[in-house]
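Here are my notes for you, written as numbered points. Keep the model open and look up each spot as you read.

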Amino acid sequence: MDYHFMRTWIEQKPNKKDCGVIAVAVIASIPVNVAAEHIGKDGATTTKQLVKGLRSLGYKCPDRLQKIPRPPLGIGKLKDPKRKGGWHWVVVDGDKIFDGINGKSDGTVDWLKGWRITSYLPVTQ
């Protein structure tokens, strides 16, 4: 893949539930507050809200998450097998994963055993 620019990792602050907002900010290379304005909220987000934000920034993506092989660029839904509900959004970009809680600025992650991406929202420009 030919990526013409490097995405920047954004750290998620403790007790903030804005991983989806951060994911949109990372993909679009914009500040978190600007991503929140495009999504229409700051805090926990649904797939529908992420789609709205991405599309308002000129990106293309399907209406729903897809159980597909990892796309070149997209948002992954990360699940903890020990919890019934809840999830965490991360950005996949080529061989890098940008995770504001469990990740590092170099696009590597340190997930607890069993954590995995269960579905993706593929994104194109």
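Predicted model: local features only at pLDDT ≥ 70, side-chain atom pairs only at ≥ 80, totals over all residues.

**Notes on the model**

1. Residues are numbered from 1 along each chain as its sequence is written, and side-chain values use heavy atoms, with hydrogens and water left out.

2. Which residue pairs with lysine 16? Aspartate 42 does, in a salt bridge whose closest N and O atoms are 3.3 Å apart. The pair links distant parts of the chain, 26 residues apart: lysine 16 sits in the segment before H1, and aspartate 42 in the loop between H2 and H3. (A salt bridge here is a side-chain nitrogen of Lys or Arg within 4 Å of a carboxyl oxygen of Asp or Glu; helices are DSSP runs of H or I, at least four residues, and strands are runs of E, at least two, numbered from the N terminus.) Aspartate 42 is also partly exposed, at 47% relative accessible area.

3. How many salt bridges does the whole structure have? The search finds three. One of them joins aspartate 93 to arginine 7, with the closest N and O atoms 2.8 Å apart. Aspartate 93 lies in strand S2 and arginine 7 in the segment before H1, so this pair ties together parts that are 86 residues apart in sequence. Both aspartate 93 and arginine 7 are buried. Another salt bridge brings together arginine 55 and aspartate 63 (2.8 Å, N to O), and arginine 55 is partly exposed at 38% relative accessibility.

4. Now have a look at lysine 77, in strand S1. Lysine 77 is buried but has no salt bridge, and aspartate 80, the nearest side chain of opposite charge, is 14 Å away. (For charge, Lys and Arg count as positive, Asp and Glu as negative; His and the chain ends are not counted.) Leaving aside residues up to four places away in sequence, lysine 77 touches several others, including Leu65, Trp87, Trp89 and Ile117. Contact means heavy atoms within 4.5 Å.

5. Turn to helix H3, residues 47-56, where Thr47, Leu50, Val51, Gly53 and Leu54 are buried. Down the axis of H3, these buried residues fall within an arc of 165 degrees, so they line one face of the helix. (The arc is that of the directions from the helix axis to the C-beta atoms.) Their cover includes helices H1 and H2 and strands S1, S2 and S4. Just after H3, glycine 58 has a positive phi of about 95 degrees.

6. Helix H2 has buried residues too: Ala35, Ala36 and Ile39. Their arc around the axis is only 105 degrees, which puts them on the same side of H2. What do the buried residues of H2 pack against? They pack against H1 and H3. Just after H2, glycine 40 takes a positive phi of about 100 degrees.

Notes:
Buried < 20%, exposed > 50% of the residue type's maximum accessible area, 1.4 Å probe, protein only.
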